[in-house]
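Below are a few exercises, each with a solution worked step by step.

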Amino acid sequence: VSVFGVLAIVGVYFFWFSSPLKSAQVSGENDEYTKLLISSDTTDGNQGFSDSSVYRHPINRYGDTHHETDQEKFGATSIQFDGTGDYLTCADSADFDLGTGDFTIRFWVNFPNVSATRYLFSQGSDVNNRWGCYWTYNSTEVHFFAINSSTTYLSESDSWTPTTNVW
């Protein structure tokens with residue numbers, strides 16, 4: 001699972017639920033429906049990342065991804081990706097399969113600029129079998145897609161122009 005592709009964003013806070021968003025989850029409760037929870041409430045420059053969900057998926061860091069105090073959404077820090085090879089991954093898991101039931105993916109981003117396409121997250125075994133979300137600069141749209149055996153079976157998009165330096 002590539003939780004985040006190559007990003008150039010100031011920060012991120014990421015939740016993954018396998019059920020529809022419940023009122024308790026809105027307030028940040030971590031329960032059995034929370035499949036991945038990567039938060040950032042640590043010290044400036046810290047390079048350690050962990051899954052706070054009950055599933056404790058190991059998180060791998062690439063590039064100079066780190067926790068940063070310059071911008072934060074919750075807690076003392078946010079996760080910073082500078083756009084040059086920065087990303088986080090965790091091993092593939094059935095926890096991340098979309099299946100046929102309802103699910104919620106919730107995250108916050110803070111773009112320092114809107115001058116390039118931003119990959120937000122993806123999951124899959126290879127380029128022909130994956131799903132994910134990205135924002136395109138040239139069309140100002142956020143896209144959610146799913147591909148199985150090289151066939152796109154889900155492609156949804158909506159107009160969105162992020163405001164720079166705002167969560």
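The exercises go from a sheet to its hairpin and then to aromatic rings.

This is a predicted model, in which local features need pLDDT of at least 70 and side-chain atom pairs count only at pLDDT 80 or more, while totals for chains, interfaces and linings use all residues. Residues are numbered from 1 along each chain as its sequence is written, and side-chain values use heavy atoms, with hydrogens and water left out.

**Exercise 1. Work out the strand order of the four-stranded open sheet and find its edge strands.**

Step 1: Strands are DSSP runs of E with at least two residues, numbered from the N terminus, and two of them pair if DSSP finds at least two bridges between them.

Step 2: read off the order. It goes S9-S10-S11-S12, with antiparallel pairing.

Step 3: look for strands that pair on one side only. Those are S9 (118-126) and S12.

Step 4: check the twist, which averages 10 degrees from one strand to the next. Axes here are lines fitted to C-alpha atoms, and angles run from 0 to 180 degrees between N-to-C directions.

**Exercise 2. Take apart the hairpin of S11 and S12.**

Step 1: count the bridges. S11 (residues 141-148) and S12 (residues 151-159) are antiparallel partners over eight bridges.

Step 2: pick out partners. Ala 146 bridges to Leu 154, and Val 142 to Asp 158.

Step 3: turn to the two residues between the strands. Ser 149 has a positive phi near 50 degrees; for Ser 150, in the loop between S11 and S12, phi is positive too, at about 70 degrees, although this residue is not a glycine.

**Exercise 3. Find the aromatic pair of Phe 107 and classify its geometry.**

Step 1: set the rules. Rings of Phe, Tyr and Trp (its six-membered ring) pair if their centres lie within 6.5 Å; planes under 30 degrees apart are stacked, over 60 edge-to-face, and the rest tilted.

Step 2: search. The whole structure has nine aromatic pairs.

Step 3: Phe 107 sits in S8 (residues 104-110) and Phe 121 in S9, so the pair ties together parts 14 residues apart in sequence.

Step 4: check accessibility (buried is under 20% relative accessible area, exposed over 50%, partly exposed in between; 1.4 Å probe, protein chains only). Phe 107 is partly exposed at 23%, whereas Phe 121 is buried at 5%.
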